[in-house]
Amino acid sequence: MIKWWKILSALIILYTLVWGMLNPVPHLDILNETIRNVYFHVPIWFAMIFQMGLSVVYAIRQLNKNDLQLDLKSNQAAQVGLFFSFPGLLTGSMWAKFTWGTWWTFQDPKLNGVAIAILIYLAYFILRSSIDDELKRARISSVYNIFAFVMMFVFIMILPRLTDSLHPGNGGNPAFGKYDLDSNMRMVFYPAVIGWILLSLWILDIKTRLAQLTQKYDEA
Amino acid sequence: MSKQQLTQLLKKEFLLEFRQKSTLAGIAVYIVSTVFISALSFKKIIQPTVWNSLFWTIFLFIAVNVSSKSFMQETKGKGLFNYLYYNPRQFIISKIMYNMLLMAVLSLLTFFFYSWFVGSMVQDMGMFLLALLFSSTAFSGVLSLMSAIASKANNNMSLMAILSFPVLMPLLMVSVKLSKHAIDGLAWSVSYNYLLILVMLNFVVIALATILFNYLWRE
C-alpha cells in the first residue's frame, strides 16, 4: 500500500526540479544563477537535521519506555540522516567551487559543523556495533545520541552566529533574507523543504520495515 | 544524608587516587614527555596560532587519557555495590567534581611545562587562565559521561577517543578562540560572547551528564 504523502513527495520534488531550473531568479553579485542551489542544498540539510532530530526523539522515548522497536527506529533515522549529509555536502561543495572558488574551506564554521556531525554519527554506529546485548545497546547508544545531538546543535546553530561565516546571510554576504522577499523563489523553496523532508520520511519508512523484517527473519 | 553521600564519594575518589600514586605520577610523566617531544620537534614556535593549537591538542589528549580511567576501575562487583548504596546523581556529580579538580590542576601543569619548554606567548594571563579553567571544567563534564559510556561498552580505549573527540569539538573551538584572544592581548569586551558561551556550555554539559547518567546506571 502506497500512502498519499509518498506520491506527494515525489511530485513536489519533480516540481522543484523542473520549476527550480526554469523560474526567474534575482541576479545577485557572485551568486548569479547558483542561487538556485538554495532549492536543493538547503532542503537537503533541513531533511538531515529533521532525521537526526527524529532519531533523538526516538532515543528519548526509548529511554523512558525501554522498547527495542523505538531503538530500531532511532538507529534507522540516524542512518537516514547520515545518508542525507552526503548529497548535502556534494551540492554545497559544487556550489562553493563556483562562488568561493574552492571545494572545501576550514574557514567556515558551518562546514566544520557538518564534518563534526558526520564524525559524531560514525562514532554512534561504532558504539552500537561494540555492544552485544540488545537492551544495553539500546540504552547506551540512546544516551550518546542525545548528548551528541545537543553538542552538534551548539556547533551548527550557535557558534556560526558568533563568528563570520562565508555562507550567504552571514558576514556581509548576500542574504537569504533578501531574496526571501522574492515570491518567485519562495514558491519553489518552501515546497522543496516539505518535499525533501517527506522523501526522507519515505526512506526511513522503507528502512524501518526492512530492519523489522530482518529482525523477524533472524529470530525465526 | 545526600550531602554526606557526596562528600563520602568524593573522599573515596581522593583516597583511591592517593593510594595509587603511580597513576598520578604516570600522568605527570605523560604531560612532561608530551610537551618535551613537541618542544624538541618544533624547536622554536614563532606563530601564535601554532602555539595555541599545539597547546590545545596536547591538552585534549591529556584530558581524554586521564578521564578515560575514571570509570574503568569500576568492576562489576563494585558497580553492584555502588548501585545499591549510592544515588546515581550523587555518583556522577562526585565523579565530575573530582575530574574537574584534577583537570584544572593538570591544565595548569600542562601550561606550566609548555611555557617552560616551548615558551609562553600569552599577553593577557588573566583571560587565558579563565579560558583554561572553564574549558577544563566543561571537558571533565563531557569526558566523565563519555568514560561511563565507554566503560559500559567493553572498556575500549580507542572507543573513548572516538566517542569524545567529535563531541568535544564545539567546546574546543570556543576555548581555542578565547585563548587566541588572550594570546593576542585583545580587550575583554571582544571575548565576552565566547566566555558566556563557554560558561553556558558548562551548565548544559553538566546538566545533561547528570540526567543521562541515570539511564547508564541501570544494568
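Biologist: How many helices and how many strands are there in chain B?

Modeller: This is a predicted model, and in it chain B has 8 helices and 0 strands. Read from the N terminus, the elements of chain B follow one another as α-α-α-α-α-α-α-α.

Biologist: How do you know whether the radius of gyration of chain B agrees with that of a compact globule?

Modeller: A compact globule of 219 residues would have a radius of gyration near 17 Å. Chain B has 18 Å, which agrees with that value. The C-alpha trace of chain B spans about 55 × 35 × 30 Å along its principal axes.

Biologist: What percentage of the residues of chain B count as buried?

Modeller: Of its 219 residues, 41% count as buried. As for contacts in chain B with a separation of 6 or more, 85% of them join residues 24 or more positions apart.

Biologist: What makes B:Val190 buried or exposed?

Modeller: B:Val190 has 12 other C-beta atoms within 10 Å. The cut-off for exposed is 12 or fewer, so B:Val190 is exposed. This residue is found in helix α8 of chain B, residues 188–217.

Biologist: Where is A:Asn66 found, and what is its phi?

Modeller: A:Asn66 is in the loop between α2 and α3 (68–99) of chain A. Its phi is positive, about 55°, although A:Asn66 is not a glycine.

Biologist: What describes two packed helices?

Modeller: They are described by the angle between their axes and the distance between the axes. In chain A, the axes of helix α2 (residues 41–65) and helix α7 (residues 183–219) cross at roughly 45° and come within 8 Å.

Biologist: At what angle do helix α3 and helix α5 of chain B pack?

Modeller: Helix α3 (residues 48–68) and helix α5 (residues 88–117) of chain B pack at about 145°, with their axes 10 Å apart. The crossing of α3(B) and α5(B) is right-handed. Among the residues in contact are B:Phe55 and B:Phe59 of α3(B), with B:Leu102 and B:Tyr114 of α5(B). The contact divides by class into 10 nonpolar, 4 polar and no charged residues.

Biologist: How many residues of chain A are in contact with chain B?

Modeller: 24 residues of chain A are in contact with 23 residues of chain B. On the chain A side, α4 (109–129) and α5 (134–162) are the elements that give two or more residues. The largest share, 15 residues, comes from α5(A).

Biologist: How do the residues on that side of chain A divide by class?

Modeller: The side of chain A that touches chain B has 21 nonpolar, 1 polar and 2 charged residues.

Key
Residues numbered from 1 in each chain as written. Chains lettered and ligands numbered in written order. Predicted model: local features only at pLDDT ≥ 70, side-chain atom pairs only at ≥ 80, totals over all residues. Helix = DSSP H or I, 4+ residues; strand = E, 2+ residues; numbered from the N terminus. Rg over C-alpha atoms; globule rule 2.2 N^0.38 Å. Buried ≥ 20, exposed ≤ 12 C-beta atoms within 10 Å, placed from the backbone. Contact = placed C-beta atoms within 7 Å. Axes fitted to C-alpha atoms, helices over the stretch in contact; angles between N-to-C directions. Nonpolar A, V, L, I, M, F, W, Y, C, P; charged D, E, K, R; others polar. Left-handed = near helix turned anticlockwise from the far one by under 90°.
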